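Before you take these coordinates into any further work, here are some comments in numbered form. They move from a single ion pair to the sheets, then to the interface, and end with confidence.

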Amino acid sequence: MVPKQRHFQSSLKLCAHCQLEVVVPSYLTVADDNDQSKEIVFCCNGCRAVYQILHQEGMERYYQLKEAGGGQAYVSADNYLFLDSEQFLEQSAPLNNQGERELSFYLQGVHCVACLWLIEQLPKVDNGVVLSQLNMGQGVVRVRISRDGLFSKVATTLDRWGYRPFVLSSEGQLEKLQKREDRQDLIRVGLAAGCAANIMLFAIAIYGGAAGDLGRYFEWLSLLLSIPVLTYSAAPFYRSAWGSLQSGTISIDLPIAIALVVGWISGLWQLLSGGHHIYFDSLTILVFLLLTSRLLLKRAQQRGMKLSLFNTLFGGGHIRKEGPNGAVEEVLPSSLLIGDVMLVAAGEQFAADGVIIDGSTLINNSMLSGESCPVKVGKGEMVYSAALNLDSEIKVKVTASGEQTRVGQVLQEIEQGLNQRAPITKAVDRLAHYFLLVLFSLATLTFIFFLWRDDLATALLRSVTLIIVSCPCALGLATPLALTRTISKLAAEGIIVRREEVLERTSQIQEIFLDKTGTITYGVMQVVGWEESVPSTQMQEYYAAVYMVAKRSNHPVSQAITSYLEEHYHQWLDGRLMVEEFSEQPGEGSQGRVGEYQLAIGRIDALSGAALSRSGVSIDGKMIVEIGLTDQLRPDSTKIVSQLRQLDLKIRLLTGDNREVASTIGQKVGLTEDEIYSEVGPERKGEIVEGSGAGLMVGDGANDALALTKASVGVAVKGSVEMGMNVCDLYFTRDGIRPLYRLIVAAQETMRIIYRNLAISILYNLVVVVLTLQGVLNPLLAAILMPISSLTVLLSTIWGTGKLRREIF
Amino acid sequence: MEVLYLLVPFALLLGGFFIAGFIWSVKSGHYDDLETPAHRILIDEQEEEIEND
């Protein structure tokens, strides 16, 4: 009877196939075939599959192995049968001319090339599938099936491969519009590029001395080519300028629009009156450059588009409804009505609010209350949408569905809050505002002055030269470029910035609020102590039995035990054992018989709120192992907190958990007592964050949603609930707070680059305005100087952000 | 140099042809997903290698 204690620390390993970082312990840890003593880990089943294919024999072998190796399907095939119902198909995937149907799924867990390969093998595995096309950026697969195909079969296959499929309702109106706009943007740029390049050819000929009839001919052709650019391509500038005029503000697009219109009209006038001060070349090039930089900016932001798809996802699940005659049918949550009876199995999420009419269970209400401990509920008690049923199947009578649910109302409130949030004037906008006011006054004064002193031609010439030469390129071009380059780099690092202004706000924050559960900790129970009270030789016989019983249950404790065993005692497990007489008592534990062993898994002490909870496993009434469980700190949290301290930022920990738990975790990451706020509910969290002014809140789940909107910058971390993302400015696609330091440094550095550009730009503008007013500059020189000044700020931006990339990432 | 009066419009016509081609390719969705095809083309080779083994 030698008590054996094992502790282990979490750490990061690289996926054996795609080299992505994976937090171990991970359930995708296996022994290397070549060297059994070595363990390798994968980021996803796709990687694992391709790894095995490459290292063993053929593709067929892989599927045989997978079937034999436990074949643990995540969700049973029954759950996708609603995809085949006539009603669903007619509504979401109508037959096309070829007699085929098409449906899109959002897949959870698409990481790398291996996933792409595996998913696009669908037609080979399933004869009914005609086409399977994955968009990696969005994680959306488009599946087309023939008459023989079944979407339920497709979904089940994807599920078993480890990519949980969510049905996307057929391309919504919003997505369609978005797509059309994207294409139109691209056409605008292409058209501007084509025309501007040709105009440049004529311009070079004219500057080079083409005069007389030929020169005139080229000038007329320039005019002709400038028309599509100035009308179609430049349309967004006019629209935005008009919009800003209507709302009584001055936007960057206003001088651009005015310069374009006035420049073009005066060019036309020159052409008709026989003058030669024509600069369609500089106008079109300006349009092309501006459109290009905006397109790049938009592209960089659209990497975050995946998020908006989650809106569509909410209606994508399916639930089981009991009809009046007792028949059970599968329906979409949106079709639930008040008074309907739904069946919710263990491991499922409640799709609506309701009263339990049959059964009792444990539920996890963390999405609403932030409380991580499971709550016991029984007949007659309320359950709320988005809570997770942990223990056993119950029947619920629906009292509210959709937006009427508690979660739905919270969401609505948050959306309203988003709209009401005071618009933060960007530093650039403020400067641009003054710049433009000065510019317009100057141009008007110039026009009046020269009209009075000379003639209309000179007056137009001078004022247009002024507008062209002083075009605020640092504002119109370099600022978005700096933001784009930083945003796209951040996106590649797993940090998705939803709006560019967020970067500016991020650079100004002084205080950081960290949520505990799921942010600096994993948010799931993990085994940290394992004390065996029987000799290890005997214990080896028990592992498989314990594993099978634990695996049958969805309770967090059982799940923690399952992954612990998979990690440490992989060689003793046997997926073929049968569990008999399995039963679960909510709040008590689970038991079952495996062979001759009668097993029970349960709590030893139910000290709620203790940082460490203890459970035990007994066989035939005799305790064989005592298990300590806790929500473990992420391995990198401590390091990141100390890095953040170097940036002179105040750091706070906000948690709904009690003092004891909060202190234990807080001290581990190096926080002092007065930096820890424990036992704070969602509303209090919001108040604290709002009171700070320039605060950045990192959190997950609905219980943080309010605080995330109140914060100057709200950051959602992965592993978090979808709704968190809809209210956040920033989203980390990788677990934990690791990207936080990079984010803040990058934001500060980018703002520095922008300010430097503005300084260069102001200096340049001062000089050229003086020169223009003195009559030294004509439009030709202006058209040459302007691109040179643009180039200077662009180079400064590229050099600056390039340096940022090398030094921080 | 008079020939330019004829050649330049021809050149522009050719240019217009390419712009039209570009617009067609955008509208038919060639640029909708710029990420995945770049990966996809790599895998096809991998797959062939396996099949040849």
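1. In this predicted model, Glu102(A) is joined to Arg144(A) by a salt bridge whose closest N and O atoms are 3.0 Å apart. Glu102(A) belongs to strand β6 (residues 101–108) of chain A and Arg144(A) to strand β8 of chain A, so the pair ties together parts that are 42 residues apart in sequence. Over all chains, a search of the whole structure finds 14 salt bridges.

2. The strand that carries Arg144(A) also takes part in a hairpin, since β7(A) and β8(A) form one with four residues between them. Strand β7 (residues 129–135) and strand β8 (residues 140–145) of chain A pair in the antiparallel sense, with six bridges, and Asn135(A) is placed opposite Val140(A) of β8(A). Within the turn, Gly139(A) has a positive phi of about 70 degrees.

3. Which strands make up the open sheet of three, and in what order? In chain A the order is β15-β14-β17, and the pairing is antiparallel. The edges are held by β15 (375–377) and β17 (388–389) of chain A, each of which has a single partner strand, so one side of each is left without a neighbour in the sheet. Between strand β14 (residues 361–364) of chain A and β15(A) there are three bridges in the antiparallel sense, and Ile363(A) has Val375(A) as its bridge partner in β15(A).

4. A further open sheet in chain A has seven strands in the order β19-β31-β30-β29-β20-β27-β28, and here the pairing is mixed. At its edges stand β19 (495–497) and β28 (676–677) of chain A, and because each has a single partner strand, one side of each is left without a neighbour in the sheet. Parallel pairing is found between strand β29 (residues 695–699) and strand β30 (residues 713–717) of chain A, over four bridges, with Leu696(A) opposite Val713(A) in β30(A).

5. Turning to the interface, chain B and chain A bury about 2400 Å² between them, and 69% of this area is on carbon and sulfur atoms. The contact draws on 25 residues from chain B and 30 residues from chain A. Between the two chains the count is one salt bridge, in which the side chains of Asp32(B) and Arg183(A) meet at 2.5 Å, N to O. Across the same interface of chain B and chain A, four residue pairs are in polar contact, with both residues at pLDDT 80 or more.

6. On the side of chain B that touches chain A, the elements that give two or more residues are α1 (4–27) and α2 (36–52) of chain B. The most comes from α1(B), with 10 residues. By class, this side of chain B has 14 nonpolar, four polar and seven charged residues.

7. Confidence deserves a separate comment. Chain A has a mean pLDDT of 74, with 73% of its residues at 70 or more. Where in chain A is confidence lowest, and where is it highest? The lowest mean, 36, belongs to helix α2 (residues 59–68) of chain A, whereas helix α8 (residues 212–233) of chain A has the highest, at 91.

8. Two stretches of chain A call for a caveat. Over residues 1–9 of chain A pLDDT stays under 50, and the model has 25 contacts beyond four places in sequence for them; over residues 719–723 of chain A pLDDT also stays under 50, and there the model has 14 such contacts. Where pLDDT is low, the predicted coordinates should not be read in detail.

Methods: Residues are numbered from 1 along each chain as its sequence is written. Chains are lettered from A and ligands numbered from 1 in the order in which they are written. Side-chain values use heavy atoms; hydrogens and water are left out. pLDDT is the predictor's confidence in each residue, from 0 to 100. Contact means heavy atoms within 4.5 Å. Two strands pair if DSSP finds at least two bridges between them. Buried area is the accessible area (1.4 Å probe) that two parts lose on being put together, summed over both. A salt bridge is a side-chain nitrogen of Lys or Arg within 4 Å of a carboxyl oxygen of Asp or Glu. A polar contact is a pair of N or O atoms within 3.5 Å; within protein, one must be able to donate a hydrogen and the other to accept it, and residues adjacent in sequence count only if both atoms are side-chain atoms. Ala, Val, Leu, Ile, Met, Phe, Trp, Tyr, Cys and Pro count as nonpolar, Asp, Glu, Lys and Arg as charged, and the others, Gly among them, as polar.
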